Structure formats: C-alpha cells, structure tokens
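Have a look at the model first, and then we'll go through it piece by piece.

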Amino acid sequence: RILMGLLIVLGVSASCSKDKKVDSKVDGEWELEIRNSEAVSDFSVYINFRKDATFTIYQQIEASYYQSFNGTWEVEGKTLSGLYNDGAAWGSDYLFELSSDGKTMTLKTIAEPTEISVYRRCTIPEEVINSSHPEVKSYGEQDGAPSGTPFQLSHPQRAPESERSLL
C-alpha cells in the first residue's frame, strides 16, 4: 500500500510539472496603450490572459473589424512566452514588469529589435469579443477584408502566418 501510494504521488507530481506556469498578477484582460513610447491611436489591441494558461488577442489593425488569435501562455521568472493554437511561438518572448498597483504591465521584447509595449488592465468590451473574426492566416483578401498583413510586434519578415498578431 505504501508503495502504491508513493507511485500515485509521484505520478501526480510528474503530471503537474508539465502544466503551464501562470502568474496570477498577469492573468486578466489588458488593453495596449503605448507602443515604443507613443500612444496607440490608429489601431486597437486587447489581450485576455486566462488562469487556465490560454489567451485570446483581439486586434483591429488596418481593418474595420477585430481579428482574434488564440493560444497558450506561461511565465518563467520575469519572462512571458506563448504559443499560438497552431503551435507557432510568438515573435518574441517578453520581459514583463507590473506596476506596483497591478494596473499596468510593460512588455519588452527579448528578440531584436527591442520593442516596448505598455498595457492597461481593463474589461474587454463585449462588442469587441462578440464581433471579432476568427484567426486570420493569409496575406490575401479574406471575407472582403483588404489585402495586407495585420500588425505584429516582432520580425514581420520572418514571422509564420500565426504570428501576424500583436505578440
């Protein structure tokens, strides 16, 4: 019995170590306010980091509607990283810093060129969530949208299609 109990404990411990590491201070809904020292005015980006280590990005960039991108995220130390649902990694991992009141989060790319984004904790408007189009993975026209790629934070020339979102 003792051996069986030990095996069960070891099995549970091993399965837990495979779980994504999340930071309860990061989880929640955020809106991009500042990118590279400039206020965001010509596009809109929201991100929801959920406690189950999944995320959804809603972005309205060069389109009349929001596009959504989904995947998983994790924190290791002060590094925030993620994968899109198709398995592609974000354009960069990010060093993150939260304000003392927890209302703003600053993300700094680890990959070059260095880019800094400041997010404000918010509630994502229902109209953004309800009207978003599913993930877009094409350069061409799709559903009447104009040609072109959505904005992305890092390395647009090398990014897999799934990385054409903010992160």
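Predicted model: local features only at pLDDT ≥ 70, side-chain atom pairs only at ≥ 80, totals over all residues.

## Starting from one valine

Where is the place of V75? The place of V75 is in strand 5 (helices, H or I of at least four residues, and strands, E of at least two, are DSSP runs numbered from the N terminus). V75 is buried, because its relative accessible area is 7% (buried means under 20% relative accessible area, exposed over 50%, and partly exposed in between, with a 1.4 Å probe and protein chains only).

What does V75 touch once its neighbours within four places in sequence are left aside? V75 is then in contact with K21, D23, V26, L80 and F96, where contact means heavy atoms within 4.5 Å. D93 sits 18 residues away from V75 along the chain, and their C-alpha atoms are separated by 9.9 Å.

Local features need pLDDT of at least 70 and side-chain atom pairs count only at pLDDT 80 or more, while totals for chains, interfaces and linings use all residues; side-chain values use heavy atoms, with hydrogens and water left out.

The protein chain has a mean pLDDT of 77, with 68% of its residues at 70 or more (pLDDT is the predictor's confidence in each residue, from 0 to 100). Residues 1–18 stay under 50, and the model gives them zero contacts beyond four places in sequence. Residues 137–163 are also below 50 in pLDDT, but that stretch has 64 contacts in the model beyond near neighbours in sequence.

## The overall layout

The protein chain has two helices and nine strands. Reading from the N terminus, the order is α-β-β-β-β-β-β-β-β-β-α. Of the 167 residues in the protein chain, 41% are buried.

Take the contacts in the protein chain with a separation of 6 or more: 48% of them come from residues 24 or more positions apart. The accessible surface of the chain is about 9,400 Å², and carbon and sulfur atoms account for 53% of that (areas come from the Shrake-Rupley method with a 1.4 Å probe; for residues, only the protein chains shown count as cover).

## What's packed inside

In soluble globular proteins, nonpolar side chains tend to be buried together. Here, the largest nonpolar core has 23 residues, and V26, F49 and L80 have the most contacts inside it (such a core is a set of buried Ala, Val, Leu, Ile, Met, Phe, Trp, Tyr and Cys residues joined through side-chain atoms within 4.5 Å). Among the elements giving two or more residues to this core are strand 1 (28–35), strand 5 (67–76) and strand 8 (104–109). Another core lies apart from it, with six residues, among them Y58, Y66, C122 and V128.

Y58 and Y66 turn up again around S44, a residue of strand 3: outside four places in sequence, S44 is in contact with Y58, Q59, Q60 and Y66. Is S44 buried or exposed? S44 counts as buried, because its relative accessibility is 13%. Its side chain also makes a polar contact with the side chain of Y66, at 2.8 Å (a polar contact is a pair of N or O atoms within 3.5 Å; within protein, one must be able to donate a hydrogen and the other to accept it, and residues adjacent in sequence count only if both atoms are side-chain atoms).

## Strand 9 and its partners

Strand 9 (residues 116–121) pairs with strand 1 in the antiparallel sense over five bridges (two strands pair if DSSP finds at least two bridges between them). In this pairing, E31 stands opposite R120. Strand 8 also runs antiparallel to strand 9, joined to it by five bridges, and K108 stands opposite I116.

A hairpin through six residues joins strand 8 to strand 9. P113 is found in this loop, and a cis peptide bond, with omega about 0 degrees, joins E112 and P113.

## Two loop residues to look at

S37 is not a glycine, yet it has a positive phi of about 70 degrees. S37 lies in the loop between strand 1 and strand 2 and is exposed, with a relative accessible area of 74%.

A53 also has a positive phi of about 70 degrees without being a glycine. A53 lies in the loop between strand 3 and strand 4, but this residue is buried, with a relative accessible area of 5%.

How values were computed:
Residues numbered from 1 in each chain as written.
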